[in-house]
Amino acid sequence: MPIDPADTRKGALHVTERELLRLLAGGLTDDGAGQRLGISSRTVSRHMASIMERLGATSRFEAGLKAAQRGWL
């Protein structure tokens, strides 16, 4: 589902980021999630760092919780 440009300004997730969080929450490793998305594990790490920064999260777990609270997942 594409995101509204207004949501992007608010820091909402892009489609790939949303899917990445879903895959990681489902128990996949960075490598596994990257393979499913067709991106490298390094790109997975960069996406997660960006998500965590936007959410003000200090861990991936906290990022997942905050993303869910904001309705991003």
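Reader: What's the handedness of the crossing of H4 and H5?
Author: The crossing of H4 and H5 is left-handed, a term used if the near helix is turned anticlockwise from the far one by less than a right angle, with right-handed used if clockwise. This is a predicted model in which local features need pLDDT of at least 70 and side-chain atom pairs count only at pLDDT 80 or more, while totals for chains, interfaces and linings use all residues. Residues are numbered from 1 along each chain as its sequence is written, and side-chain values use heavy atoms, with hydrogens and water left out.

Reader: At roughly what angle do the axes of H4 and H5 cross?
Author: The axes of H4 (residues 41-55) and H5 (residues 60-69) cross at roughly 60 degrees and come within 9 Å; axes are lines fitted to C-alpha atoms, for helices over the stretch in contact, and angles run from 0 to 180 degrees between N-to-C directions. That makes H4 oblique to H5, since angles under 35 degrees count as roughly parallel, over 145 as roughly antiparallel, 65 to 115 as roughly perpendicular and the rest as oblique.

Reader: And which residues in H4 and H5 meet?
Author: Ser45, Met48, Ile51, Met52 and Leu55 in H4 meet Arg60, Ala63, Lys66 and Ala67 in H5, where contact means heavy atoms within 4.5 Å.

Reader: Switching over, how do H2 and H3 cross, left-handed or right-handed?
Author: H2 passes H3 in a right-handed crossing, and the contact involves Thr16, Glu19, Leu20, Leu23 and Leu24 of H2 with Asp30, Ala33, Arg36 and Leu37 of H3.

Definitions and conventions:
Helix = DSSP H or I, 4+ residues; strand = E, 2+ residues; numbered from the N terminus.
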